[in-house]
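User: Could you take me through this model, with the cut-offs behind each term?

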Amino acid sequence: MPARTYMVVDRRHDHSFRVPRPDVSARLGTPNACNDCHADKSAQWSASAIEGWYGPERKGFQNYAEAFQAAWTDRADAAALLGAIAANPGIPGFVRASALTGLASHLSPANIELARSGFADPDPMVRLGALDMLAAAPAAQIWPVVAPLLSDPNRGVRIRAAALLAAVPGASQPPADRENFERAAAEFVAGQRLNADRPEARATLGNFFARRGLATAAEAEYQAGLRLSPHYTPAAINLADLYRQLGRDGDGESVLRAAIAVSPQDPGLHHALGLTLTRLKQPEEALARFGAPPSSIPITPDTHMFMRSRCIRPGKKTRR
């Protein structure tokens with residue numbers, strides 16, 4: 001069996017065979033079972049052989065690779081291709097869910113209708129994909145279409161709906177939906193508390209509290225995530241952004257410098273610090289953070305102080 005590398009580092013033999021589609025490989029560069037063995041031949045050679053045996057038509061086989069390739073390469077026809085996949089009930093649910101998620105950056109009235117249809121799908125993965133599609137839409141505007149899912153029979157769907165609607169203040173929620181929202185929100189919090197030993201769960205909970213306007217609770221969760229893993233940079237970036245919303249950019253700067261002391265090569269931290277310094281009217285260092293490679297940014301006295309406070313010496317490698 002051919003060996004494949006999973007998750008970047010895990011190389012192992014793949015004991016499965018896909019329906020050979022070397023014709024797709026010739027167009028999109030995807031792998032196929034034919035060339036796994038005939039590695040000395042081209043995908044076009046394999047495609048010609050298949051066509052000679054079975055003819056040029058490929059009815060009944062998977063035909064959605066081009067739609068996802070179009071989405072990943074920002075082709076102009078990506079939305080139309082993904083929409084066709086999402087609307088086809090003959091395609092497996094996880095594929096339709098992925099297509100709906102991919103439409104998040106192509107929102108339009110027509111695609112909103114696809115989301116509505118997805119909410120009624122019997123497969124919970126499709127309902128989740130439809131929710132993910134609306135992740136960037138204003139919560140107040142999508143409340144009427146999403147609120148019914150707060151009482152969905154699937155817990156994953158309920159808590160995703162609660163997370164999506166969290167930014168709508170309780171006073172602005174329709175009275176008929178408030179109980180369902182609070183129940184689903186409690187389930188969301190309980191789910192993250194179950195994984196409270198992971199910084200990802202603490203940051204996710206912090207994001208949820210921040211969307212609900214619970215700044216003190218959000219701050220506590222971000223800080224807890226950083227205590228669990230100072231290397232988990234999303235918690236630092238989100239905490240700094242929370243401080244921005246609270247008018248506490250000085251505290252945000254401190255958080256980001258501390259995180260950079262631990263993870264100096266993370267570009268997201270430098271970008272976030274650049275934005276913070278811009279708001280603090282320190283344009284020269286802000287430009288350096290935006291434009292210079294992390295390794296070329298000098299360690300400032302402030303950064304050195306944070307390193308000492310965390311028992312990290314400049315140049316010393318830290319364990320992840």
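Analyst: Residues are numbered from 1 along each chain as its sequence is written, and side-chain values use heavy atoms, with hydrogens and water left out.

User: Over which residues does pLDDT stay under 50?

Analyst: pLDDT is the predictor's confidence in each residue, from 0 to 100, and its mean over the chain is 88, with 89% of the residues reaching 70 or more. Where pLDDT is low, the predicted coordinates should not be read in detail. The stretch where pLDDT stays under 50 is residues 298-320.

User: Is Q173 buried or exposed?

Analyst: Q173 is placed in the loop between α10 (155-165) and α11 (175-194), where helices (H or I, at least four residues) and strands (E, at least two) are DSSP runs numbered from the N terminus. Beyond its neighbours within four places in sequence, Q173 is in contact (heavy atoms within 4.5 Å) with W143, V168, R178 and F181. Buried means under 20% relative accessible area, exposed over 50% and partly exposed in between, with a 1.4 Å probe and protein chains only. Because its relative accessibility is 2%, Q173 counts as buried.

User: Which kind of pair do the rings of Y64 and F68 make?

Analyst: Rings of Phe, Tyr and Trp (its six-membered ring) pair if their centres lie within 6.5 Å, and planes under 30 degrees apart count as stacked, over 60 as edge-to-face and the rest as tilted; by this rule the count comes to six aromatic pairs. The ring centres of Y64 and F68 are 6.3 Å apart and their planes stand at 85°, so the pair is edge-to-face.

User: And which kind of pair do W143 and F181 make?

Analyst: W143 lies in helix α9 (residues 139-146) and F181 in helix α11, 38 residues apart, so that the pair links distant parts of the chain. W143 and F181 are both buried. With ring centres 6.0 Å apart and planes at 40°, this pair is tilted.

User: Which helices hold D249 and R279?

Analyst: A salt bridge is a side-chain nitrogen of Lys or Arg within 4 Å of a carboxyl oxygen of Asp or Glu, and D249 and R279 meet in one at 3.0 Å, N to O. D249 is buried, at a relative accessible area of 12%, whereas R279 is partly exposed, at 36%. The pair ties together parts that are 30 residues apart in sequence, because D249 lies in helix α15 (residues 249-262) and R279 in helix α16 (residues 267-279).

User: How far apart are the closest N and O atoms of R21 and D23?

Analyst: A search of the whole structure finds 23 salt bridges, and R21 with D23 is one of them. Both R21 and D23 are buried. Their closest N and O atoms are 2.8 Å apart.

User: Which residues make the nonpolar surface patch of about 290 Å²?

Analyst: Patches are made of residues with over 30% relative accessible area and no salt bridge, joining like charges within 9 Å and nonpolar side chains (Val, Leu, Ile, Met, Phe, Trp, Tyr) within 5 Å. L287, in helix α17 (residues 283-291), counts as exposed because its relative accessibility is 61%. The residues that make this patch are L275, L287 and F290.

Definitions and conventions. Predicted model: local features only at pLDDT ≥ 70, side-chain atom pairs only at ≥ 80, totals over all residues. Areas by Shrake-Rupley, 256 points an atom, 1.4 Å probe, with all protein chains shown as cover.
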